[in-house]
Amino acid sequence: MTRVIYMLPNSLFGMGNPLLDISAVVDKDFLDKYTLKPNDQILAEDKHKALFEEIVKKFKVEYHAGGATQNSIKLAQWMIQEPHNVGTFFGCIGKDKFGEILKQKAEDAHIDAHYYEQDEEPTGTCAACITGDNRSLVANLAAANCYKKDKHLDLEENWKLVEKAKVYYIAGFFLTVSLESILKVAKHASENNKLFCLNLSAPFICQFFKDNLMQVMPYVDVLFGNETEAAAFAKEQDFDTTDIKEIAKKAQALPKVNTKRPRIVVLTQGKDETTMALHDKVQTFPVLKIDPKDIVDTNGAGDAFVGGFLSGLVQEKPLNQCVKAAHYAANVIIRRAGCTFPEKPDFK
């Protein structure tokens, strides 16, 4: 008999950079003009400031509520369906039109978003420049950079929502914004034997925010990453290997505060198998096959993978079921433009 877990609203908590995604199919000249690689994730510099206006003027764009963590919480909620508001999301937006769109989109996705709203910076945006099945993401964090622990996370009504959760997820991108907020949530999870999940998110996080990352690592119960992030992490940590299974094992064995829960490391490799390390055991899981012509856009595949996995964790499903849900969610997302999904999942 399967044990049915009844989920309460706010069981899953996410905190990160809420962004309004502006996605468009662009040409090579556009990538070259802004010195963008076809498949990459970068933060906007001064030379990219004109990109956001130009992409809207020059190409047919679509808007979606985005940001890595918010995408994953949204996907987890979609996989779960009922009850609504299983997922809570914190992040900072501007008091502007894009902020209003984001609030509406979060509501439409049935997630309980509590944004810290300020008027010094506009709502953050992320341009997804799509060429073939590659995507180059350029994020202008703007307001997302302005999240303040004392002005939002520490407020009693907000902290109560944190306490209600049993699974926590933060993408590594937020390490550039508010380390103290992450540590407060991570320590709460650790002290109460709840699950704290983190994503490596991008090679630059492993390289340039290594100190912040390693301050949080002792509290991480589930670590996510893809093959390029894993390679960058291994290099920075002097793991002395490029083998994905070895990297997973070494990351799994890093020091951990809550010893009641051994760390789980989950590394994806696009169309190749997913690797999971737990204790000293490494397992691999083949991804769902897809005809290359059915791939519309890989933007959001990683966020969807995590969302699927989190939907399993919050329902206390076995890890192989969490991976199955993760693969299903990613497979749905890459068949569509942006991080969007049909009304209901078809997942058993």
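A charge sits over a ring if NZ of Lys or CZ of Arg is within 6 Å of the ring centre and within 35 degrees of the ring normal.

**View 1. A lysine over a tryptophan ring: K184 and W159.** Here K184 lies over the face of W159, 4.3 Å from the ring centre. Keep in mind that this is a predicted model, where local features need pLDDT of at least 70, side-chain atom pairs count only at pLDDT 80 or more, and totals for chains, interfaces and linings use all residues. Residues are numbered from 1 along each chain as its sequence is written, and side-chain values use heavy atoms, with hydrogens and water left out.

**View 2. The ring pair of Y328 and F347.** Rings of Phe, Tyr and Trp (its six-membered ring) pair if their centres lie within 6.5 Å; planes under 30 degrees apart are stacked, over 60 edge-to-face, and the rest tilted. The whole structure has 17 aromatic pairs. In this one, the centres of Y328 and F347 are 5.2 Å apart with planes at 40°, so the pair is tilted. Ring pairs also link W78, Y328, F341 and F347 into a cluster. Y328 is buried at 13% relative accessibility, while F347 is partly exposed at 22% (buried is under 20% relative accessible area, exposed over 50%, partly exposed in between, with a 1.4 Å probe and protein chains only).

**View 3. D303 and its partner N71.** UniProt, in an unreviewed entry, puts the feature "active site" at D303; such annotations may be inferred rather than shown by experiment. D303 is buried, with a relative accessible area of 17%. A 3.0 Å polar contact joins the side chains of D303 and N71 (a pair of N or O atoms within 3.5 Å; within protein, one must be able to donate a hydrogen and the other to accept it, and residues adjacent in sequence count only if both atoms are side-chain atoms).
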